[in-house]
Amino acid sequence: MLFLNSVNSPSSGEVRPNQHSQPPAVGGSSSANRNRPRRLAELTVPLPQRTVSLLAVPLPLPPASNAARSTCSNGNANSKQVNLSEIDRVNRIGSGAGGTVYKVIHRPSSRLYALKVIYGNHEETVRRQIRREIEILRDVNHPNVVKCHEMYDRNGEIQVLLEFMDVGSLEGTHISHESNLSDLARQILNGLNYLHRRHIVHRDIKPSNLLINSKRKVKIADFGVSRILDQTMHPCNSSVGTVAYMSPERINTDLNQGQYDGYAGDIWSLGVSILEFYLGRFPFAVGRQGDWASLMCAICMSSQPPEAPPTASYEFRHFISCCLQKDPTRRLTAAQLLQHPFIIRGQNQVA
């Protein structure tokens with residue numbers, strides 16, 4: 001599920017009674033009680049001191065409704081809503097820790113979609129958070145990002161109707177031609193740059209979350225562990241994600257003085273994924289599904305990050321090194337990488 005930082009309101013302060021007033025004597029006369037002040041003159045409740053620049057503006061909850069459906073619009077107010085009762089499941093196309101994805105068909109239009117069913121019968125507060133965060137992503141609209149069409153909350157089970165990518169994920173794909181790899185990297189960077197400009201950090205960029213269709217369009221999918229960032233929110237520090245593609249400073253919080261930049265973390269994950277496509281194998285010397293301790297040591301303790309082989313072009317080797325810098329401050333941003341010679345060269349070849 002998605003997670004948003006929350007800001008706790010400062011304490012409203014302590015109630016301070018009059019320090020000089022004496023407690024009433026037990027068994028005192030009724031006359032004394034009648035003459036006793038009913039209010040303490042110096043009783044005050046100090047207002048909390050708030051620094052506006054340090055507060056995060058709370059994100060609004062979706063409007064309350066008794067309906068089982070909440071719509072993730074595609075930016076067109078006149079777009080027709082898809083009723084869950086009009087959808088038939090065709091087959092299961094994927095599953096993970098967050099839920100199961102089905103290929104479904106909308107009977108009235110014969111249009112295909114992907115339906116993600118989020119695991120668990122969550123408490124109301126958790127469901128409200130999931131609904132809120134999916135609603136925040138409703139306006140995400142980019143040709144290199146998988147589109148959310150609808151969201152359904154049915155008997156406590158949350159389902160999200162997504163754009164269907166007919167070819168599937170790029171997991172296990174070997175792309176040895178640099179021109180093809182450059183075009184793929186450019187498309188991913190376009191989507192990533194769009195998300196980062198909107199203060200959205202994905203936090204789980206990996207081959208299985210990169211989908212392609214028969215038109216060779218590549219799109220970023222699965223915001224199950226993404227984070228909406230605001231300048232007033234704390235940096236990402238969650239361990240949610242896939243360890244094999246996590247940046248060193250995210251795994252080992254002792255690195256980089258405990259600071260984690262989610263944007264730079266996405267760039268590291270992109271670099272690992274692109275290098276894996278080129279090599280046809282996971283770039284580190286341990287398996288992705290192997291011993292976690294060995295995997296984390298390989299990522300965090302190795303003196304040098306993995307590199308592209310000498311047989312690759314200088315532009316590609318330099319592109320990978322710009323992504324896989326152990327110091328996150330030295331990694332280029334998505335916008336900067338779009339201007340890298342490796343990306344520009346590939347774009348010129350395609351044109």
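Predicted model: local features only at pLDDT ≥ 70, side-chain atom pairs only at ≥ 80, totals over all residues.
Arg345 is partly exposed, at a relative accessible area of 25%. The partner of Arg345 is Glu178, with the closest N and O atoms 2.7 Å apart. Arg345 sits in helix α9 (residues 341-350) and Glu178 in helix α3 (residues 178-197), so the bridge ties together parts that are 167 residues apart in sequence. Glu178 has 14% relative accessibility and counts as buried, because the cut-off for buried is under 20%.

Next comes Arg331. A salt bridge joins Arg331 to Glu249, and their closest N and O atoms lie 2.8 Å apart. Distant parts of the chain are linked here too: Arg331 belongs to the loop between α7 (314-323) and α8 (334-337), while Glu249 is in helix α4 (residues 248-251), 82 residues apart. Both Arg331 and Glu249 are buried. Shared partners also matter for the picture: salt bridges join Glu178, Glu315 and Arg345 into one network.

Glu163 and Lys219 meet through their side chains in a salt bridge, 2.5 Å from N to O. Glu163 lies in strand β6 (residues 157-163) and Lys219 in strand β10 (residues 218-220), so this pair ties together parts that are 56 residues apart in sequence. Glu163 is buried at 18% relative accessibility. Lys219 is buried as well, with a relative accessible area of 10%.

How many salt bridges does the model hold by this rule? The count is seven, among them Glu163 with Lys219, Arg345 with Glu178 and Arg331 with Glu249.

Conventions. Residues numbered from 1 in each chain as written. Heavy atoms only, no water. Salt bridge = Lys/Arg side-chain N within 4 Å of Asp/Glu carboxyl O. Helix = DSSP H or I, 4+ residues; strand = E, 2+ residues; numbered from the N terminus. Buried < 20%, exposed > 50% of the residue type's maximum accessible area, 1.4 Å probe, protein only.
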